[in-house]
Amino acid sequence: MKYNSSPFRNGLEKGMFICFTCIFKHLNKFSHSRISAEGTITLSVGLIRAKAGIFVLGLPYALLHSGYSGLFLIILAAALCCYTGKILIACLYEENEDGQLIRVRHTYEDIANACCKKLSPRLGGIIVNMTQVMELIMTCVLYLVVSGNLLSHSFPYVPVTEKTWSVIAFVILLPCVFIKTLKIVSKLSQLCSLVHFIIILVVMTYCLTQMHQWSWAKFRLSIEFEDFLVSVGVIIFSYTSQIFLPTLEGNMKNPGEFRCMMNWTHFFACVLKTTFALTAFLTWGEETKEVITDNLPSFLETLVNLCLLTKALLSYPLPFFAATEIVYACLSRGNHSNYTSPLFALGVRGSFLLLTLLMAMFIPHFALLMGFTGSITGAAMTFLLPSLFHLKLKWKKLSFLEICADISVFILGFLCSLAGIVCSIKGLLEVFGGV
C-alpha cells in the first residue's frame with residue numbers, strides 16, 4: 001500500500017487508518033483464550049504477542065503526529081488498559097460469608113447480565129454479544145479488503161482489480177467453515193506470530209543500519225489537533241484485549257497470579273511498542289508513512305507486503321471462529337435439536353464467511369464505516385463497560401479513589417469514542433462531497 005509522507009490525502013485514507021486503529025488489535029488474541037496446562041508464563045507470552053500485533057506498524061506514524069506526547073500516551077494507554085482488564089476480572093468474583101473471593105461469573109456476558117438483571121436477565125449479555133460480533137465480523141471483512149489491496153500491490157502487472165483479488169482471498173479462506181475447535185486456530189496463530197516476527201525483524205534490522213541518521217530533533221513540539229486524535233486512537237486501541245480476559249483468567253493454573261501477569265505483559269508490551277516506534281520514527285522522521293513498511297526500499301517492501309498478506313490470511317480464522325461461536329451458542333442455547341446439529345453449525349459458519357465477502361465487495365468506503373463502528377465498539381468494550389460494570393457491582397466496596405479512577409476511565413473512553421466518531425463522519429462527508 002502506497003502513501004505519501006504528508007497527512008492523509010483524503011477521507012478514505014484517513015478512514016483506513018482509523019480502521020486499522022480499531023480492528024487490528026484482534027490479531028493473535030482469541031487463540032490463547034483456552035490456555036490451561038501451560039501456565040502463567042505461556043499465557044503472559046501469548047498476551048505480549050497479542051498486544052504487539054500487526055497494528056504496531058502504525059505506531060511510528062502516530063509519533064509523527066503526536067510528538068513527545070505520543071511517548072507519554074504509549075505509557076498511559078498501557079496503564080489504563082491494564083487497569084480496565086483488572087477491574088473487569090474483579091467483576092467475576094464475589095465474597096462469600098467467610099470473606100473469601102469466589103468466582104461466580106465466567107464471561108463478559110455473565111458480568112453484563114448481572115449488571116442489567118433488574119431491567120432484563122439477558123439484556124446485558126445481548127448488548128455485549130452484539131458488540132463483540134459486530135466488531136469481530138468487521139475485522140474479518142477488513143482482512144479480506146486488506147488482502148485484496150496487498151495482492152493488488154504485490155502483483156501490479158496482473159490485470160485484476162482489488163475486488164477480484166479479495167474474491168481470490170475468500171476462496172483461500174473457504175476451509176475456515178470446517179474449523180470446529182480452537183486447536184486448528186491456535187496452530188494458525190502460531191504461524192501468524194512467526195510471520196509477524198519476520199516483519200518486525202526486517203524493519204528493525206533496516207532501522208539499525210540507519211542509526212547514523214537518527215536525531216531527536218525530528219520530534220514535533222507542535223501538533224495538529226485532528227491528527228493528534230487519530231494518534232490517540234492508534235496508541236490506546238493497540239493495547240486492548242478485554243473481550244478475552246475472563247476466559248484467559250479462568251483457565252490459568254493459578255488465577256491469583258492474574259494481576260501480576262497483567263502488570264508484566266503490559267509493561268513488556270509498552271517497552272516493545274516504544275522501542276519499535278522510536279526506532280522507526282528516528283529513522284524516517286517527517287517522511288514516516290502511515291504503514292511503516294511503506295518506507296522500506298522496494299525489494300524489502302515487496303517481501304514485507306507478502307508477509308503482511310500471509311499474516312492477514314492466517315489471522316482471519318481467529319475473529320471468524322470467535323464470532324461464529326458466539327452466534328451459534330446464542331442460537332443453540334435452548335437445546336433445540338435443529339440448532340445443535342453439526343449441519344446447522346456448518347451453515348452458520350458458511351453464512352458468516354459469505355457475509356464477510358459480500359460486505360467487502362459491495363459496501364462503499366468500508367474503511368470509513370469500520371472507523372465509525374470501531375470507535376463505538378472498541379471504546380465500549382475497553383473503557384466504558386468495564387468501568388460501568390465495576391461501579392455497578394462493587395460500588396459499596398470501592399474507595400473514593402477507586403470510584404474517581406473508574407469515572408475518569410469512563411470519561412476518557414467516551415471522549416476517545418467521540419473523537420473517533422467525529423473523524424470518521426468527517427471522512428465520510430469528505431468522500432461523498434458533503435464538505
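Tutor: A residue is buried under 20% relative accessible area, exposed over 50% and partly exposed in between, using a 1.4 Å probe and protein chains only. This is a predicted model, where local features need pLDDT of at least 70, side-chain atom pairs count only at pLDDT 80 or more, and totals for chains, interfaces and linings use all residues. Residues are numbered from 1 along each chain as its sequence is written, and side-chain values use heavy atoms, without hydrogens and water.

Student: Is Phe267 buried, exposed or partly exposed, and what is its relative accessible area?

Tutor: Phe267 is partly exposed, at 44%. Phe268 is also partly exposed, with a relative accessible area of 38%. Buried residues make up 57% of the 435 residues in the chain.

Student: What describes a pair of aromatic rings?

Tutor: The distance of the centres and the angle of the planes describe it. Rings of Phe, Tyr and Trp (its six-membered ring) pair if their centres lie within 6.5 Å; planes under 30 degrees apart are stacked, over 60 edge-to-face, and the rest tilted. The count by this rule is eight aromatic pairs. One of them joins Phe267 and Phe268, edge-to-face, with 5.4 Å centre to centre and 70° between the planes. Ring pairs also link Trp264, Phe267 and Phe268 into a cluster.

Student: How many helices and strands does the chain have?

Tutor: Helices (H or I, at least four residues) and strands (E, at least two) are DSSP runs, numbered from the N terminus. The chain has 16 helices and two strands.

Student: Which residues of helix 7 meet helix 14?

Tutor: Contact means heavy atoms within 4.5 Å. Lys163, Ser166, Val167 and Phe170 in helix 7 meet Leu353, Leu354, Leu357 and Met361 in helix 14.
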